[in-house]
Amino acid sequence: MKRSKTQSVRRILATLFVTMIVLTAGCSGVTGIFGNDDGDSGVEPYTESGDELTGEMLNESHRDTLRSAGSYTAEVNISLTSDESSITQDTRGKVDLENDRQYVVQSASLFGNRTTYRYMADNVTYEKVVPEGGDTRYETTQNAETASASVNTDNIDAFEWEQRGTETHEGVGVTRYEATGVANYSALPTDASEDNISDLSATLLVTEDGVMYEYTVDYTRESDSTQELSLRYATRDIGSTTVEEPDWLDEAQSNSSH
């Protein structure tokens with residue numbers, strides 16, 4: 001029974017990784033995650049109190065602002081724990097939209113611990129995979145997809161949001177939104193319903209010009225075991241991110257399997 005439960009958790013998280021990745025496709029109020037609150041300091045709110053917040057409007061402002069800025073760094077942290085296992089994925093990606101380049105480092109414990117490095121430039125993606133206790137391998141993909149500044153709007157529209165004022169976070173003016181309820185359980189990143197989800201919290205920080213600066217979700221899901229899910233997406237270094245060739249690029253070009 002333990003084996004089947006562990007496999008179930010792995011299947012859920014495998015799906016979660018696909019739906020939540022935001023660096024190339026489209027990104028819980030955890031106590032203490034929003035530090036450095038210096039008060040509103042005259043921050044202009046993204047929406048006024050009582051106004052509706054939708055995934056479509058946030059995606060449009062987020063995408064347009066990042067395109068104008070030309071570059072950004074995205075961070076995605078995902079964890080799913082149960083009685084039998086704890087599975088995580090941490091991703092950090094530097095994206096240069098102006099020059100259509102990105103560099104992503106992803107550490108995951110999905111099917112054994114491994115770190116994946118991806119460098120994309122000139123319509124080619126080079127990948128270096130370093131599994132724990134295994135051999136490093138390289139892959140090259142031609143005609144790769146271009147970098148994107150979009151967000152996963154399903155993750156926004158899953159919730160009913162309430163504007164909770166403005167603040168300064170890490171020197172950046174943001175509007176804080178907190179989820180007051182779930183608008184669409186099917187839009188949550190796991191098989192969720194009102195009957196099997198509890199202890200749910202979600203928080204969203206949006207910059208004055210509409211960038212999704214930080215988005216976090218936490219909840220507990222009851223199925224054949226108790227599973228605790230945590231998600232975090234953050235956008236940083238807007239307009240100041242640079243993407244350079246990795247030091248392993250020559251080796252990847254000479255050792256890749258096609």
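Which strand is Glu75 found in? Glu75 is found in strand β1, residues 71-81.

## Ground rules

This is a predicted model, where local features need pLDDT of at least 70, side-chain atom pairs count only at pLDDT 80 or more, and totals for chains, interfaces and linings use all residues. Residues are numbered from 1 along each chain as its sequence is written, and side-chain values use heavy atoms, with hydrogens and water left out.

## The sheet

Let's start with the overall layout. Eleven strands make an open sheet in the order β6-β5-β4-β3-β2-β1-β11-β10-β9-β8-β7, with antiparallel pairing. The edge strands, β6 (137-142) and β7 (159-169), each pair on one side only. On average, neighbouring strands here are turned by 10° against each other, direction ignored; the axes are lines fitted to C-alpha atoms, and angles run from 0 to 180 degrees between N-to-C directions. As for terms, strands are DSSP runs of E with at least two residues, numbered from the N terminus, and two of them pair if DSSP finds at least two bridges between them.

Now some of the pairings. Strand β3 (residues 101-108) is joined to β4 (residues 114-121) by seven bridges, and Gln102 has Met120 as its bridge partner in β4. Eight bridges link β4 to β5 (residues 124-131), with Arg114 partnered by Pro131 in β5. The hairpin of β4 and β5 has two residues between the strands, and Asp122 takes a positive phi near 55° there.

Glu75 counts as buried because its relative accessibility is 17% (buried means under 20% relative accessible area, exposed over 50%, partly exposed in between, with a 1.4 Å probe and protein chains only). Its side chain makes a polar contact with the side chain of Arg232 at 3.1 Å; such a contact is a pair of N or O atoms within 3.5 Å, one able to donate a hydrogen and the other to accept it, and residues adjacent in sequence count only if both atoms are side-chain atoms.

## Rings and charges

There are five aromatic pairs in the structure. Phe159 and Trp161 are edge-to-face, because their ring centres are 5.4 Å apart and their planes lie at 65° (rings of Phe, Tyr and Trp, its six-membered ring, pair with centres within 6.5 Å; planes under 30 degrees apart are stacked, over 60 edge-to-face, the rest tilted). Phe159 is buried at 5% relative accessibility, and Trp161 is buried at 14%.

Conventions. Helix = DSSP H or I, 4+ residues; strand = E, 2+ residues; numbered from the N terminus.
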